[in-house]
Amino acid sequence: MAIIRDMIPAFELFQPTTVEDALALMAEHGEGGWVLAGGLDSYDWFKDRIKRPEAVIDLGGIDELKGIIDGQDGLEIGAMTTLTEIVRHERVRSEYILLADAAEHVATPQIRNQGTLGGNISQDTRCWYYRSGWACYRAGGNTCYAAAPQAMNREHAITGTSRCVAVNPSDTAPALVALDAKMTVRGRRSSNVYDAEDFFIGPATDITRMTVLEPGDLLTQIDIPSEWANAHFYYEKVRDRGSWDFQLVSVAAAFKTSGNTIDDARIAVNGVAPFPVRLDAVERLVKGAAVDEALAIEAGEIAIQGSRPLKHNEYKQPMMSNLVRRAVRSVA
Amino acid sequence: MGRWLDFESNPWGQEVLQGVSLELMYLAIGLAVLFVVGHLVWYRSRGFSEHEKTADIQGSVAGIPERIVRHTLPSRIFHWTMGASMLVLLITAFVPLLGLEFAWVTIHWIAGAVLILTIIYHVIHSILWQDFWSMMSFNVREAIGHFRHLLSSKSTEPEKPGKYPFDHRMYHQGIVVVSLAAIVTGVLMTLRIKTPFWEPNAYYPLVDQAISGLNELGEPAITVLPGEATGFVFVIHGIAGVALIVMVAAHIYFAIRPDKRYYLWGMIRGWIDRKQYLAHFDPDKWSVVDGTIQESPPGGAIADSTVSAPRVDD
Amino acid sequence: MAEKIIGTDIAPQDLVAKITGRAKYAEDFRADGMVFAKLLLSPMPHARVRGVDTTKALAMPGVIDILRADEVRQIEGRPGEASLTDEPLYEGQPILAVAAETEEQAAAAIEEIEVDFEPLPFVLDPLDSLRPNGPNAYTGGNRFGGGEFSELKWTDADFEEIEAGRMPNGEAAVEWTKGDIDTAFSESDLVLEESIVHQSLTHHPMETRSAMMYWENGKLHAFVSTQSAQRTKYAIAGTLNIDPEDVILVAEYCGGGFGSKISGNTHMEVPAVFSRKIGRPVMLRITRYEENYIGRARPGFQSWLKMGFLDDGTCNAIDLYIVQESGPFGAGDFNTAGMIADLVYTPQNMRFRGIAMYTNTPPKAAQRGPGGAQIVIMMEPILEKAARQLGLDRLEVHLKNAPDADVGFGPRNSTLTSVYAKEALEKGAEIFDWAGKQELSGRREGSKVTGIGIGLSPYTAGSRGYDGLMVIHPDGKLYVHQGLGNLGTHSIMDTARPAAEILNLNWDQVELVWGDSSRGMPRSSVQAGSQTTHAHSRANHAAGMDARAKVLEVAAQTLGGSPSNYDMDNGRVFRRGGGASMTFAQVAERAIELGGRYDGHELPDNIHATTVPAANMLAGQGLMGVARDNYGGSGGVYSWVAGFALVELDEETGVVDIKEYVAVTDCGTVLHPRSLGAQVLGGSIQGMGQAMTQRWVFDPKWGVPFANRLYTARPPGILDVPLDMKADAVGIPDPQTPVGAKGIGEPPVGAGGAAVTSAVADAMGGHCLCRTPLTPDIILAELEGLSQPFTLEQHIG
Ligand SMILES: Cc1cc2nc3c(=O)[nH]c(=O)nc-3n(C[C@H](O)[C@H](O)[C@H](O)COP(=O)(O)OP(=O)(O)OC[C@H]3O[C@@H](n4cnc5c(N)ncnc54)[C@H](O)[C@@H]3O)c2cc1C
């Protein structure tokens, strides 16, 4: 069968206006259904004719999924809230600038106007091989093409791999892990709340998915607990270009401090594993410590312990180490 | 055929073998259940007793000890480690496919490594210290007797066996073949993932070289399509895997059958008692006089190896 | 007095159409009964089609027909590209086309076609092909010459030091020398030697090469995207082997080409032949994915360079070896690169060796400054290193080595019409404050280090001998007929300015006629090699002079006296010192009455044969100015750009931030300052992308490129561009051309790229990474002392 790209095949489009209807449609179509948020990942798959859902369930008309609410304890962000709204939201900016910062690093203004927070954290990996429609593990096949000695794995993972070596591409994901966000996932008959850390899963758990979301599941809401409001935040993303590019490595960190002593910390890194990686060991190291350059350096070193590069991505070790170092250093 | 095998396009759009389909796993599970049920029905239909037979012998008989060593401690440790690793392998292989997700790959290859180590140990141990032929012998008469018994209700009980009855030996040989297939392919598959021992490689340098392995005329030097070698490995591993489901299920089923309990006890405690010995085994074929186990091999080969140190009842 | 037109900012005529979306590009055209064609691309980098099963596809709804390779022109017996092929030489090469009522039907049909491909050996990297027993791009070998394929392999000994990062230089295919390099090197006070890799990169113009065509009454109507209009009409006629006058070419706008659509492109043949076959208009819309494959790329270089310097900074010897990754059909960049190295650094003693290797990668073609951009981007960091080691200022070193107008360069000691490179360097240094910025070089703030750099980049900028064609109509306006393409550079408008100025017209009295061959196109240059401004400011100058002379003659004949008694302004011709006058409208009517040479019924005999049909078409419509550019001249025409960049390199991430950029050009007289600024800075930005981000990503095992989208190919985005950018011009007219203007399209690319590679080398303390693009991974690996994942490989991930 010859290959055609850049042309979206026909599908049936559903535009429910309530979560209930969306869930019913998703249940009805099962594996053949596709949840559409901003479409920036979705349409990419469709136009390459690699994913061919029979039914597309567009969440764009569901108002209850949009917007940011001042909750009892922090913010409640609807999954369909656009990245631009997050970037511009007053309370996000004043109390949780980490998230606004991360969202602002996504691609371009046009993409942020269209892309949603729910979509951004649910998006699929950008591994060259997988995105080219090759029958790799993640696509249900029996090979990781990126893990060959001559393979193009400059962008791939240095840790957390299991057969598949792709990385999570989301800029907001590590920020949400650092903020200890909670994701509400609704199914037809269930509703679960996951810690951000558990929402993202690695290939060891399921090689075909990046998150806990299974067909039929809807991510409805992302809560940002007030626990980390107004903490000292640090976000940095390294990419090849200044815009319109995914991260090579990014770091998101939240520190509670007194003076230059760190009382508590949550640090996550993305672009180095198939999921945003929380750096428990670094957190343990810095908790209760006064920040100086030696601590920052040690944090950077601990961060990459146990990581192992592929042929073409050894640079990710120092890059990750240095970003963690900078995050810790920023407290001083 | 196509139903049981999966094909996929390689990156050049050629259809290549990919592995066995999920349906084969369900088939194996079905077969395992069928086998157990079938055996139960057969057993009942033949009116065999649900209880273990014992011989009516009192006191000591011609130097036969009260307890007869069946499996030494090292053998038992081997068996249970191997069994455990096999179970872990099967669980980590198939449970995720049934829908319960967990990080199985690392456990799977580590269990595989354990299995390989136990097998290496077993091979050396059985060749050097055990009676190799007690397990590896094959006797046509015995086989015929066995099948007669299986098929015809009129046939007499098959002759009593030596240490390992015919079906055990056949099972052993079967599991050797299947496990070896699974192990060899498993190792090849492990080469493709990240372990502390090597860098992953998606391609088998010597096998899957059809691209650069073209001859001068541009014809493939070998007929495997690019990317297909992997498929063969997966198919063999898959078939071996599902075969193991059936075999392990059968093994466990027989192990826990009440009429065969003495085997289980033998593998747990290491010994069987004299009554069990005399009821189920032929002392000519499995001689335990003075605790020294001797067996004359059918092929006449040397068979003076000592299975265990004499352990006479005190 | 009419306004001065040359050198002023005038909004180009097509501006409103472009920004309101009224401008029609090739794929905006529709015709009655039009169908869509889609291409089936080869999935393998080299293969043979053993069989094709189209039964299922042909039975699908809406499917009309299939076009195969045997129905289009094939080039036999030598490497040459056909629009469809049964022996694809790169992944993505079109095999066949399907036409259907809708594009979706055509796409669905493609998916149902079974092609049996036999994979053949392939090679992506020229060095692999040169290795003993390495694969060849063609079944017959890796070289072509004297009518046949052959195999060229280097020896194991040649490759001995490649692992250590030393470029092998075995037997070359091209070699020239001047002076005596051995003696020169022995006299050098400093000799530097480097192995350098420059990547290949795609053109990716915004508009893909879509085309719509139909046949009407034996004539082909072709709606295409092309850099050059009149020449494309002839190219299409040539491909189809038909009378050029049977081609009606419509190409009003072109969304960029950068050298990939010089006179159209190979795949225009598909809709032409297909529509003839099925008798319906055929639209072939090329997607971004397809553009990636068939849209051309700049060839990559793997190179070895030895450069000698004297204490005072004089570059006294260059030994340069370039291996070129040429794709399946070849390219000439490497030869140009050798010439430009000689031109920029004037070593007097030089050896150039080179070899272009066929590879199974998408086809290569000229890309904005072909050869020149690569070589200055590669060499500028070496100059940085040399200046540092000699304790000299780079600007001084450049000024010492930059040529003057008397330069003779390359194997044949080519000469130039004018060179104001030093003036460009000096003016640029002043605007940039090079002297003041010296202090910033190497300055460290936290993890950030500042570097400054210079890139000096020349490129061809003109040709001669084309025709101008214009008519003053009875509405009083001057209609300038342009056979150029409209690829966004404004040259299609700006080159008409000399005529307006000669006729003393206001710009609103000038109408431009372009983009439709049925309206008359004179013989034009291809819009490539930055020729247009020079070539057509001359041609229109000549035709303008012709028109002016005729206006004066008509006035004299009508109103009495001799032509020299008359002058003209603002659309009137009048008798000097007062008296009778005529409007241009009256002049036009009078010219028609007079006929003969005045209204184009008689044409000069020196105009090109392909101008004649256009002039004939326009004869009798008014007063015709028509002439060939006979101004002559000797020597090549080159323009120069001196670029200055300030970058900040973050040593903890490897990220380079370009903070400031200044470019000053020597392109002769400035026709249109704003447009010049757009060219100079736009081209420089393209060069910065070339130096920093843009590239292919190939999987070597399967020979397949992945970065096949605009965003994955990584041209620079707006945030990669310095906020502080300035462009200026030396503004000294070229003495050999009447308007004084030279072209400017190409030289900025090398200047932008080289200023940045040089600045990065400066920030790294005089260390040349000698590989582009300078992505953060490569820089960081170097700074952290890791081994580089790539040494001399052409294609990197
Ligand atoms: C050129 C380009 C560059 C980009 N660069 C970046 C970048 O630098 N950083 C970055 O983080 N991202 C980047 N992106 C990705 C883009 O920001 C995300 O793809 C986008 O945010 C996804 O969100 P969306 O709303 O468009 O979701 P969609 O594309 O519609 O959905 C993404 C996936 O999530 C699923 N999904 C979405 N919402 C839900 C829900 N509520 N419940 C269950 N499933 C859901 C969809 O089914 C789909 O599988 C880039 C994208 C492009 C095209």
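Start with the contacts inside chain C of this predicted model. Select chain C and look at pairs of residues in contact with a separation of 6 or more: 78% of those contacts are between residues 24 or more positions apart.

Keep chain C selected and switch to a cartoon view. You will find 22 helices and 32 strands. The radius of gyration is 28 Å, close to the 28 Å that the globule rule gives for 797 residues, so chain C is as compact as a globular protein of that length. If you draw a box around the C-alpha atoms along the principal axes, its sides come to roughly 85 × 70 × 50 Å.

Bring chain A into view and move to the place where the two chains meet. Here 46 residues of chain A are in contact with 53 residues of chain C. Together the two chains bury about 4,200 Å², with 58% of it on carbon and sulfur atoms. Which residues of chain A lose the most area to chain C? Select A:W128, A:M152 and A:R241, which together make up 15% of what the chain A side buries.

Stay on chain A and go to A:R163, in the loop between helix 8 (128-131) and helix 9 (172-178). Check its backbone: phi is positive, about 65 degrees, although A:R163 is not a glycine. Is this residue buried or exposed? Buried means under 20% relative accessible area, and A:R163 has 15%, so it counts as buried.

Go back to chain C and select C:N570, which sits in the loop between strand 24 (566-569) and strand 25 (572-575). This is another residue other than glycine with a positive phi, here near 55 degrees. C:N570 has a relative accessible area of 40% and is partly exposed.

For the last stop, zoom in on C:P773. You will find C:P773 in the loop between helix 21 (747-763) and helix 22 (776-783) of chain C. Show the backbone atoms and look at the peptide bond that joins C:T772 and C:P773: this bond is cis, with omega about 0 degrees.

Methods:
Residues numbered from 1 in each chain as written. Chains lettered and ligands numbered in written order. Predicted model: local features only at pLDDT ≥ 70, side-chain atom pairs only at ≥ 80, totals over all residues. Heavy atoms only, no water. Helix = DSSP H or I, 4+ residues; strand = E, 2+ residues; numbered from the N terminus. Rg over C-alpha atoms; globule rule 2.2 N^0.38 Å. Contact = heavy atoms within 4.5 Å. Buried area = accessible area lost by both parts, 1.4 Å probe. Buried < 20%, exposed > 50% of the residue type's maximum accessible area, 1.4 Å probe, protein only.
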